[in-house]
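Have a look at the sequence and the 3D view, try each task, then read on.

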Amino acid sequence: MKFQNLLMLFLFCVVSYAQTPQDLYNIIDAVSEKRLEKDIQTLVNFGTRNTFSDTVSNTRGIGAARRWIKQEFETISSNCDDCLQVFYQKDFVTKKGNNRVPHDAWVVNVVAIQKGIKYPNRYIIMSGDIDSRASNTMDFITDAPGANDNASGMAGTMEAARVLSKYKFENSIIYVGLSGEEQGLFGGAGLANYAKEHHWDIVGVFNNDMIGNIKGLDGIIDNRTFRIFSEPVPPTETERERQLRRFYGGEVDGISRQLARYVYKTTKTYMPEMNPMMVYRLDRFGRGGHHRPFNDLGFSGIRIMEAHENYDQQHQDIREENGIKYGDIIEHVNFDYVKKLTAVNAINLASLASAPPPPKNVSIGGAVEPSAKLKWNKVDGAVGYKIYWRDTTSPTWDYSRYVGEVSEFTLDGIVVDNYFFGIASVGENGFESVVVFPNTVF
Ligand SMILES: [Zn+2]
């Protein structure tokens with residue numbers, strides 16, 4: 001047997017490691033509430049994790065926190081045959097020109113990459129934030145436990161790494177702790193630029209920011225609902241693309257929105273006890289998060305977070321005023337809920353990391369005809385394709401048809417005018433890519 005054939009056989013054997021949808025239930029069960037609680041407590045114990053706090057101490061400040069996170073990722077890696085590449089990615093920010101930066105400092109992210117076997121350059125990213133803040137975001141001295149904002153997202157990211165590092169995937173997964181969120185999304189911007197410079201093909205970013213509060217200031221207690229924020233279309237779209245949308249649609253069908261729908265569907269399928277709530281906007285009203293710098297560069301990214309916030313318990317010094325207790329302390333974190341949202345991330349990471357790339361050059365036709373038509377370019381690794389469609393007023397892909405390994409299809413009797421259409425690739429184990437909205441017409 002020629003060497004190339006042997007190599008192919010070897011690759012085939014490795015690739016068949018890929019998960020089956022049944023594995024997603026094991027992944028859900030493997031997420032540990034106890035470990036999440038322990039990690040959140042450890043992060044809280046650093047006193048403050050303000051990005052501009054002490055970097056020398058081993059017990060207090062952002063330096064100690066990021067060294068501990070890096071060490072944790074390294075421990076996880078040593079338990080999976082060094083399956084993670086762990087490193088710091090950093091950028092220097094200066095006081096000059098930034099009115100929320102108290103002094104020049106390195107903004108340091110901790111990155112752990114689990115390389116995919118078949119598509120190593122395709123990345124699905126789960127992020128949490130290392131940093132926390134007091135009432136005044138420039139105050140890097142005062143205690144800022146940031147238990148929910150955002151030790152919860154950071155702990156969830158580390159726990160997802162623990163669980164998923166026991167599996168092998170076709171695509172790469174990145175687990176990352178970002179810094180500088182509270183002063184201007186610096187860490188996310190740094191990593192997004194790094195991704196662009198290194199030509200990463202980013203499948204999507206799951207920004208987890210506040211995944212532990214179930215008791216809202218609105219009085220509602222809810223441990224099932226969570227929000228998925230996604231912007232409508234990328235800010236990088238061209239004027240021509242904007243013009244074409246007037247005639248062909250797509251106002252609510254950008255790449256981040258498709259990622260949101262993917263998470264919605266996977267959650268509904270494998271964790272039906274949960275109540276995912278898609279919010280059709282970039283982020284909360286006038287507020288920001290670390291998926292945005294990725295969106296700014298044209299990458300797909302969403303924010304996953306609790307449904308009911310308590311504003312007395314975020315961005316506040318720990319204190320009592322007029323009988324109201326302020327501060328983001330660990331007593332307010334619901335670890336069972338953190339576990340659920342970590343599992344939501346983990347099954348979506350696993351599912352996307354097991355799926356082939358989406359079809360390319362998806363084109364739609366069928367004007368003044370009774371049947372919609374789609375054409376696309378086949379992709380390596382797909383055993384077939386699934387066409388999705390929905391009423392124009394529906395938020396979710398409600399109808400679908402598997403069409404096998406073809407590169408065009410006519411949907412008899414489905415009038416193109418009355419629905420929106422998309423198409424996903426399907427892999428041999430049944431995992432699907434994100435749905436692609438047609439980008440040309442014929
Ligand atoms: Zn915050």
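**Exercise 1.** How many cavities of 30 Å³ or more does the structure hold?

*Solution.* Before counting, note that this is a predicted model, where local features need pLDDT of at least 70, side-chain atom pairs count only at pLDDT 80 or more, and totals for chains, interfaces and linings use all residues. Residues are numbered from 1 along each chain as its sequence is written, and side-chain values use heavy atoms, without hydrogens and water. A cavity is a set of points on a 1 Å grid over the protein atoms alone where a 1.4 Å probe fits but cannot get out. Points join across faces, edges and corners, and the volume is the space filled by probe spheres set on them. The count comes to two.

**Exercise 2.** Describe the largest cavity.

*Solution.* Start with volume: about 50 Å³. Next, pick out the lining residues (an atom within 4 Å of a point): Asn148, Asn213, Glu306, Asn310, Gln313, Gln314, Asp328 and His332. Finally, sort them, with Asp, Glu, Lys and Arg as charged, Ala, Val, Leu, Ile, Met, Phe, Trp, Tyr, Cys and Pro as nonpolar, and the others as polar. You get six polar, two charged and no nonpolar residues.

**Exercise 3.** Now do the second largest cavity.

*Solution.* This one has about 30 Å³ of space. Around it sit Ser132, Arg133, Gly146, Asp149, Gln314, His315 and Asp328. Sorting that lining gives four polar, three charged and no nonpolar residues.

Notes. 1 Å grid on protein atoms, 1.4 Å probe; cavity = no way out; pocket = protein on both sides within 12 Å on 5 of 7 lines; lining within 4 Å.
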